[in-house]
Amino acid sequence: NRAHKFSNREARFDACQEEWGMPTLEDLQEKAEREEREKRELEEEEQRRRQAAEERRQREEEEFMRDLERREQERREEQMLREQRQEAQRQEDERRRTQLAWQAEMERQMEMQRIYEEQKHA
């Protein structure tokens with residue numbers, strides 16, 4: 001009989017709450033569960049955003065490092081080509097000097113031969 005009275009009282013209390021627009025215990029529990037679920041969903045979304053941002057930052061950093069490495073490699077290759085061109089130019093200059101020296105020596109010997117021939121016939 002006591003339990004019946006209690007459940008009657010509870011039912012009347014719930015009825016009054018509904019009539020006055022007050023939330024019932026069930027409403028409050030549902031609201032608490034909904035808020036907890038929404039909070040959890042927000043935290044999960046924030047975690048996904050943070051992880052995506054971290055992955056993006058990591059990709060950008062890796063891309064930056066690859067780009068830096070590529071530019072450094074290009075710089076080394078350009079330096080090597082520059083050095084090869086300079087060496088080729090140095091060798092060409094040396095070849096020309098040698099050729100001019102040889103040519104000058106041949107002309108000098110021919111001139112000496114001509115002078116000798118003139119003196120011989122004089």
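## Glu 105 and Arg 108

Three residues separate Glu 105 from Arg 108 in helix H2, which puts them about one helical turn apart. Their side chains form a salt bridge, with the closest N and O atoms 2.8 Å apart. Glu 105 is partly exposed, at 29% relative accessibility. Arg 108 is also partly exposed, with a relative accessible area of 42%.

The model is predicted. Elsewhere in it, salt bridges with shared partners link Glu 45, Glu 46, Arg 48, Arg 49 and Arg 50 into one network.

## Glu 72 and Arg 75

Helix H2 also holds Glu 72 and Arg 75, which are three residues apart, about one turn of the helix. A salt bridge joins Glu 72 to Arg 75, and the closest N and O atoms are 2.6 Å apart.

Both residues fall in the partly exposed class: the relative accessible area is 32% for Glu 72 and 43% for Arg 75.

## Lys 31 and Glu 35

Lys 31 and Glu 35 are four residues apart in helix H2, a separation of about one helical turn. Their side chains meet in a salt bridge, at 3.9 Å from N to O. A salt bridge requires such a nitrogen within 4 Å of a carboxyl oxygen, so the pair at 3.9 Å is counted.

Lys 31 has 40% relative accessibility and counts as partly exposed. Glu 35 counts as partly exposed too, at 44% relative accessibility.

## Salt bridges in total

The count of salt bridges comes to 20. Among them are Glu 105 with Arg 108, Glu 72 with Arg 75, and Glu 35 with Lys 31. In general, side chains of opposite charge can pair when their charged atoms come close.

## A negative surface patch

Glu 36, Glu 38, Glu 41, Glu 43 and Glu 44 form a negative surface patch.

Key. Residues numbered from 1 in each chain as written. Predicted model: local features only at pLDDT ≥ 70, side-chain atom pairs only at ≥ 80, totals over all residues. Heavy atoms only, no water. Patch = residues over 30% accessible without salt bridge, like charges linked within 9 Å, V, L, I, M, F, W, Y side chains within 5 Å. Areas by Shrake-Rupley, 256 points an atom, 1.4 Å probe, with all protein chains shown as cover. Lys, Arg positive; Asp, Glu negative; His and termini not counted. Charge placed at Lys NZ, Arg CZ, Asp CG, Glu CD. Helix = DSSP H or I, 4+ residues; strand = E, 2+ residues; numbered from the N terminus. Buried < 20%, exposed > 50% of the residue type's maximum accessible area, 1.4 Å probe, protein only.
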